[in-house]
Amino acid sequence: RAVAMSVSHSSKLNKLVREQYMKLPQGDLAQVTYVWIDGSGEGVRCKSRTLDKEPKSIEDVPEWNFDGSSTAQAEGSNSDMFLVPVRMFRDPFCLDPNKLVLCEVLKYNRKPAETNLRHTCKKVMDLVKDSHPWFGMEQEYTLLGINGHPYGWPDNGFPGPQGPYYCGVGADKVYGRDIVESHYKACLYAGVKICGTNAEVMPSQWEFQVGPCEGIEMGDHLWMARFILHRVCEDFGVVATLDPKPMTGNWNGAGCHTNYSTEEMRKEGGLKHIEAAIEKLSKRHDYHICVYDPRGGRDNSRRLTGHHETSNIFEFSAGVANRGASIRIPRQVGQDGYGYFEDRRPAANCDPYAVTEAIMRTTVLNETGVETKDYADN
């Protein structure tokens, strides 16, 4: 008996009809979709407007506003929030000359909204720019049917145990590759610095990688890649969840491993700088765990158990080629004596601005303890 996949009703609309409208000319006008992070710190929202001509740079995109009381970001009695454009991408859904624009959210008094973590990240990245920090983030996610059950899993019961699914090939090994390949192409078209993808250890779980990106660019590109993922999944009628442990039991969780280096780490003899940075991170484990998921470590506590290729949330560890450590030094880096290291602690639903900012505060600005320094007046 064929099992009906749990997909949304809108995904079953005739897409060929839509194509007829998408081919209509639009003259010199440009459609710009503003994208922002909502009050959950995890969800993205968007809305579109028409500009008289194609914007050539972010400066050509005007500020806008939205109703913050409907995104858990403001009271109804004072609900207008500002959308401040910060980075522009090509629109892979409506095509050229249309744009996707990532925005920061400011409150009525022009102060950053609570979930606008880009604001302080940018400040920190400007301070450390001479160290030329490079990041690459590995975004794991899980495809779900509209009913919340992992896509392609049996309606009653479970797939076979983990083993054949990681980087798998074949209809009995991987589910939803159409979505993954569409997302990859859409990111390439948009100008997102996506650099790879693969099927993950749990069936219906996938990963894409973004980077290398320098400084604030990392958060901008990963957030836009997430938006595009959710938008592609919408077309296919399924859901992408960034939950760090979507299935309890003997199944891998989902992380957002963060690869990091400074200019001196990438040069000959850089390993000593890598080891010095890891030593600093070892003394600030609690602070990093707190900012590596949106709930102060509570989400990660379900994932960082010391099993399923994770470290224990309560202990800091580091090792060469060790996927059960907090910090992994790739074997090639150990052999070459320079390169980068991987922080395996961030959860899949982390805010990349928070993660990259924390790493810079600890390894370059030499902050210690759980408190952060305010550099606003410097």
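Ala, Val, Leu, Ile, Met, Phe, Trp, Tyr, Cys and Pro are counted here as nonpolar, Asp, Glu, Lys and Arg as charged, and the others, Gly among them, as polar. By this division, the lining of the largest pocket holds 10 nonpolar, two polar and eight charged residues. The structure described is a predicted model.

The volume of the largest pocket is about 530 Å³. Its lining consists of 20 residues, and those nearest the centre of the pocket are R18, E19, P92, F93 and D235. The position of the pocket follows from the domains: domain 1 (10-114) and domain 2 (125-364) both give residues to the lining, so the largest pocket lies between them.

These two domains, with bounds 10-114 for domain 1 and 125-364 for domain 2, are those given by the domain assignment of the chain. Their C-alpha centres are 26 Å apart. In the contact between them, domain 1 takes part with 20 residues and domain 2 with 25 residues.

Rolling a probe the size of a water molecule over the atoms shows where empty space is left. In the whole structure, two cavities of 30 Å³ or more were found. The largest cavity has a volume of about 80 Å³, and the second largest cavity contains about 40 Å³ of space.

The largest cavity is lined by I37, Q73, L102, C103, E104, V105, T115, N116, L117, R118 and Y353. Of the elements, strand β5 gives the most to this lining, with four residues. By class, the lining of the largest cavity has six nonpolar, three polar and two charged residues. Around the second largest cavity stand Y165, K173, V174, Y175, A199, E200, M202, P203, S204, Q205 and W206. Seven residues of that lining are nonpolar, two are polar and two are charged.

Strand β5, residues 99-106, is also a partner of strand β1: the two pair in the parallel sense over four bridges. In this pairing Y34 is placed opposite V101 of β5. Strand β1 itself spans residues 30-37 and is mostly covered, with seven of its eight residues buried. Strand β1 has a further partner in strand β2 (residues 44-51), and here the sense is antiparallel, with eight bridges. Across this pair, W36 is found opposite R45 of β2. The hairpin of β1 and β2 has six residues between the strands, and G41 in this hairpin adopts a positive phi near 80°. In a regular strand the side chains alternate between the two faces of the sheet.

The relative accessibility of A354 is 13%. A residue is counted as buried when its relative accessible area is under 20%, and A354 is therefore counted as buried at 13%. When residues up to four places away in sequence are not counted, A354 touches L117 and V291. L117 also belongs to the lining of the largest cavity. The distance in sequence between A354 and L281 is 73 residues, while their C-alpha atoms are 15 Å apart in space.

Note on methods: Residues are numbered from 1 along each chain as its sequence is written. This is a predicted model: local features need pLDDT of at least 70, side-chain atom pairs count only at pLDDT 80 or more; totals for chains, interfaces and linings use all residues. Side-chain values use heavy atoms; hydrogens and water are left out. Buried means under 20% relative accessible area, exposed over 50%, partly exposed in between (1.4 Å probe, protein chains only). Two strands pair if DSSP finds at least two bridges between them. On a 1 Å grid over the protein atoms alone, a cavity is a set of points where a 1.4 Å probe fits but cannot get out, and a pocket is an open set with protein on both sides within 12 Å along at least five of seven lines; lining residues have an atom within 4 Å of a point. Grid points are joined across faces, edges and corners, and a volume is the space filled by probe spheres set on the points. Domain bounds come from an automatic or database domain assignment. Contact means heavy atoms within 4.5 Å.
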